[in-house]
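Trainee: I am new to this structure. Please take me through a single part of it, step by step.

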Amino acid sequence: MPEIVTAAMLVIGDEILSGRTKDRNIGHLADIMTAIGIDLKEVRIVPDEEDEIVAAVNAVRARYTYVFTTGGIGPTHDDITADSISKAFGVPCEYHAKAYALLEASYAARGIEYTEARKRMARMPRGADLIVNPVSVAPGFRIGNVHVMAGVPSIFQAMLDNVVPTLKAGTKMLSATVHCPFGEGLIGGPLGDIQKAHPDTIIGSYPKYGDGKFWTELVVRARSQDALDAARADVEAMVAGFASNPG
């Protein structure tokens with residue numbers, strides 16, 4: 001049986017929900033997860049509110065193989081992700097010795113004061129492991145199956161590059177696209193029957209419009225080449241049948 005590995009993402013921050021900041025991390029994570037055979041099953045956007053973060057973390061970490069969070073690990077008062085994750089796991093939030101030393105050395109090398117605000121970036125749940133940040137030093141962390149990373153896209157991407165080699169990859173999803181010159185209203189019933197006949201596949205229907213006409217892009221996904229080929233053949237036969245008898 002193909003191994004299915006799943007993931008969820010929590011995007012944390014009032015600035016995302018208000019529209020002041022446009023998220024660029026969801027698509028990047030989805031691309032990387034797909035490339036290594038992990039199914040990104042859910043994305044939630046939560047505010048900078050401890051109870052909301054705790055509830056969301058506990059909900060998804062129990063359901064999926066991996067959880068990835070972005071945002072809320074900076075030096076300001078509203079960066080409460082570390083405290084919230086600690087509460088979700090029922091452990092203290094405290095200075096991580098290695099993170100504290102890394103930040104202290106980095107600020108000293110630049111002649112910058114290591115203020116209490118900057119020290120906040122070394123706080124994380126007791127027992128957490130660091131996620132290296134090659135861009136701006138301040139690390140993310142992992143506790144259990146939850147990976148906590150920065151919201152700045154360039155830093156998130158760099159941290160994720162360091163996380164990926166530690167993940168258990170699943171069986172990659174194969175896909176095939178079938179062009180259908182007809183709209184969903186015509187093909188919806190037969191396509192549903194094909195999906196029922198091929199339960200080991202996922203068949204997506206994506207309506208398109210161009211040059212004054214509606215058409216549909218049909219995408220068949222499966223973890224087995226045989227399953228993919230069988231479902232694709234039935235989809236292609238359906239489309240050919242409508243082409244020869246569109247009425």
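Mentor: Start with the helix pair α8 and α9: their axes come within 10 Å and cross at roughly 155°. Keep in mind that this is a predicted model. An angle over 145 degrees counts as roughly antiparallel. The helices α8 and α9 are therefore roughly antiparallel to each other. Their crossing is right-handed.

Now look at who touches whom. From α8 come L186, I187, P190, L191 and I194. From α9 come A231, D234, V235, M238 and F242. Sort the residues of this contact by type: nine are nonpolar, none is polar and one is charged.

Next, turn to the sheet. Three strands form it, in the order β9-β11-β10. The sheet is open, and its pairing is antiparallel. The edge strands are β9, residues 174–180, and β10, residues 201–210. Each of these two pairs on one side only. From one strand to the next, the twist averages 20°.

Follow one pairing in detail. Strand β11 covers residues 213–222, and β10 pairs with β11 over 10 bridges. The sense of that pairing is antiparallel. For a landmark, find I203: V220 in β11 stands opposite I203.

Now put the helices back on the sheet. Helix α8, residues 184–197, packs on the sheet and touches β9, β10 and β11. The direction of α8 makes about 170° with that of β10. Helix α9, residues 225–244, also packs on the sheet, touching β9, β10 and β11. The direction of α9 makes about 5° with that of β9.

For contrast, visit another helix pair. Helix α3 spans residues 50–61, and helix α4 spans residues 81–89. Their axes come within 9 Å and cross at roughly 50°. So α3 and α4 are oblique to each other. The crossing of α3 and α4 is right-handed. On the α3 side, the contact uses E50, D51, I53, V54, V57, N58 and R61. On the α4 side, it uses D83, S84, I85, K87, A88 and F89. The residues of this contact divide into six nonpolar, two polar and five charged.

One last stop is helix α7, residues 153–163. Its buried residues are P153, I155, F156, A158, M159, L160 and V163. Among the elements that cover these buried residues are α2, β1, β3, β6, β7 and β8.

Key: Residues are numbered from 1 along each chain as its sequence is written. This is a predicted model: local features need pLDDT of at least 70, side-chain atom pairs count only at pLDDT 80 or more; totals for chains, interfaces and linings use all residues. Side-chain values use heavy atoms; hydrogens and water are left out. Axes are lines fitted to C-alpha atoms, for helices over the stretch in contact, and angles run from 0 to 180 degrees between N-to-C directions. Helices (H or I, at least four residues) and strands (E, at least two) are DSSP runs, numbered from the N terminus. Angles under 35 degrees count as roughly parallel, over 145 as roughly antiparallel, 65 to 115 as roughly perpendicular and the rest as oblique. A crossing is left-handed if the near helix is turned anticlockwise from the far one by less than a right angle, and right-handed if clockwise. Contact means heavy atoms within 4.5 Å. Ala, Val, Leu, Ile, Met, Phe, Trp, Tyr, Cys and Pro count as nonpolar, Asp, Glu, Lys and Arg as charged, and the others, Gly among them, as polar. Two strands pair if DSSP finds at least two bridges between them. Buried means under 20% relative accessible area, exposed over 50%, partly exposed in between (1.4 Å probe, protein chains only).
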